[in-house]
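This report covers salt bridges, nonpolar cores and a surface patch. The structure is shown first.

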Amino acid sequence: MKWLSRFSFHRRLQYTFLILILLPFVVVTFWSYTSVRENVSEKIARSNEETLKVIGSQMEKTVDSISFVSVYFSEAYDPAVLESLRYLKNTGSFGNYGVYTHYNKLKTTANILSVQSLDADLQIMLVNRENRILIGNQNIPVFSVLPENLLKESSRLDEREKVSLQWFPYGGTPAAPDYYYAVRFITDPLNQDKLATLYVGIPSHYFRSLLDTGNAVSRLALVDQKGRSIAITGEAANADEGPLLVSEVRIPKVGWLLTSKTPRSSIDSHINREFLVSISLIGLFFLAFLVLSMLWAGYMNKPISLLRASVKQYVGGNRAVRIPVKGKDEVAVLSAAFNQMLEDMNGLLQQVESEQEEKRRLELQALAAQIRPHFLLNTLNSIKVDLLLSGDPAHGAMIDALMKLLRVYVHADKPLELAEECRVLGSYVQVMQIRNRLDIVWECEVGEEEGAVMLPRLLLQPIVENAISHGFSARPDHPSIRLEAAFESGLLRISISDNGRGMPEDKLQRLNRRLQGSEDTALWPEKGVGLVNTARRLQVLYGYRARLSAQAREDEEGMTFTLYIPVTREKEAVPLDDPDADRR
């Protein structure tokens, strides 16, 4: 649920409603719809199967009637019928009275047998070996020739089959023939000589009347053992209708297959309408609940929105913005705490602005000594050349040292390696000793690793200047200044020592307090300004871990000023190395 943290409480409430209420409802509804759909489909399939069984039972009765008629003629249950068949097997017309007599016997028997199949409207024809119709329907003349198409279809039958009925479709189309005939060959039981052929045709309207269930969307089809269509009712199934609900029943006596196909889309449409009405009603209640929840969530979200708007105004620069506190609920407590936080932030911002202003002031003081006119460097270079040509190398060297200092002042805003800073300080000492007529010994002991540390330019110059101006004011015999650098616990320690006159203990303590910022500099505005500025510059640039301290040299005269500067593993100075850089 971590992804919810990216949204407001208002949105979380809505998403929770969708996930915990609406989504389960949709899942349950879908499951119910699927279950009902399957149950309804199963019931319809069973109903279709029962209907097919009833239709199949009725067809079995008709087949039984046809079988009885065929067996009666073929098995010679009546000797008179057998005698008539023998007499008329090759007859083509009423040539004598005997033909008429035997014809009447067959006709009487055929009329009696046809009573059993009146409901099926069967077409019964008894044909002799000359393909002359002996017995037929009233519209078929006696001794007329069997239709050529019917004779052609029956010629494909196996005349050696004397026991079972043989079936074939006739007329119409392959999908819906006009008749479906049952054929049996009648032979003489004495010599197995062929006497006649019995044709019993079932008309197509008989099948259609049985297959017509009144359901227009269902398609019923009857096919024989060879897969030939006997009858089809209902609309033909289209591929666009999708899956079908299929039920099948086989008629055992003849092997016919009765099939019912119902498109599932017709079933689903009824179910869909029912579910649509139910879901519409429930959807209205859900919509009403959603609207009410949104209104209530909006009411609860209003104080939070006000808090968010206040934060945006504060970030935009309006530091006077505050949230009105009403009541004692959780939002009121949060608003009061937020107002207090704004007060604290205003105080911190003022403190940061003050420190930034102080930093800018110190930077301006550090840059105050810059001399940018390049023509001055060119002029000094000309003077140095003239002095060297005139044989005055001492003053030429002084001018050269002064030019080096001026070049450093021109780029005072760029950092410098400690080793290079030492060389700049050497030039400064050279200029100052000529200016003050002192023979100052300058020593710089810096290792290769320490010398590679980058520092702001002229950071150490005020300390050297203090040693020359104050420490050597008594003009000692052998004045010297020594700079040492080493790493200690992640800090770069730089010590600058002189053998000047030193400082009394009380003044030394007061100076250290000023360097640490624990004493107001306004009490002694003219004392140690350069040193105090250097200490402040260290803390502004490098944080509370950076510091400058003063100590008296042990067993010797003079002072030692020590700087501690944080460095990284790459031995680079770290500006603002700690979040508590404003600590004193």
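D193 is partly exposed, with a relative accessible area of 24%. Here buried means under 20% relative accessible area, exposed over 50%, and partly exposed in between (1.4 Å probe, protein chains only). This is a predicted model in which local features need pLDDT of at least 70 and side-chain atom pairs count only at pLDDT 80 or more, while totals for chains, interfaces and linings use all residues. Residues are numbered from 1 along each chain as its sequence is written, and side-chain values use heavy atoms, with hydrogens and water left out.

The side chain of D193 meets that of K89 in a salt bridge, at 3.3 Å from N to O. A salt bridge is a side-chain nitrogen of Lys or Arg within 4 Å of a carboxyl oxygen of Asp or Glu. K89 lies in the loop between α2 (79-87) and α3 (97-114), and D193 in the loop between β4 (179-187) and β5 (194-203), so the pair ties together parts that are 104 residues apart in sequence. Helices (H or I, at least four residues) and strands (E, at least two) are DSSP runs, numbered from the N terminus. K89 is partly exposed, with a relative accessible area of 21%.

## Other salt bridges

The structure holds 16 salt bridges. One of them joins E343 and R322, whose closest N and O atoms are 2.9 Å apart. E343 is in helix α7 (residues 330-367) and R322 in the loop between α6 (264-315) and α7, so this pair links distant parts of the chain, 21 residues apart. E343 is partly exposed at 43% relative accessibility, and R322 is partly exposed at 28%.

R482 and E443 also form a salt bridge, with 2.9 Å between the closest N and O atoms. R482 lies in strand β13 (residues 480-488) and E443 in strand β11 (residues 441-445), so the pair ties together parts that are 39 residues apart in sequence. R482 has a relative accessible area of 29% and is partly exposed; E443 is partly exposed at 35%. A network of salt bridges links E443, E445, R482 and E484.

## Nonpolar cores

The largest nonpolar core has 45 residues, and those with the most contacts inside it are L460, I468 and I494. Such a core is a set of buried Ala, Val, Leu, Ile, Met, Phe, Trp, Tyr and Cys residues joined through side-chain atoms within 4.5 Å. Helix α10 supplies the largest share of this core, eight residues. Leaving aside neighbours within four places in sequence, I468 is in contact (heavy atoms within 4.5 Å) with Y428, V429, M432, N436, I440, S473 and I481. A second, separate core of 44 residues includes V99, L126, I251 and L258.

S427 is found in helix α10 (residues 418-436). S427 is buried, with a relative accessible area of 6%. Not counting residues up to four places away in sequence, S427 touches A401, K404 and L405.

## Nonpolar surface patch

L18, I19, L20, I21, L23, V27 and F289 make a nonpolar surface patch of about 610 Å². Patches are made of residues with over 30% relative accessible area and no salt bridge; like charges are joined within 9 Å, and nonpolar side chains (Val, Leu, Ile, Met, Phe, Trp, Tyr) within 5 Å. Accessible areas come from the Shrake-Rupley method with a 1.4 Å probe, and for residues only the protein chains shown count as cover.

Helix α1 (residues 9-74) gives the most to the nonpolar patch, with six residues. I21 is found in helix α1 and is partly exposed, with a relative accessible area of 36%.
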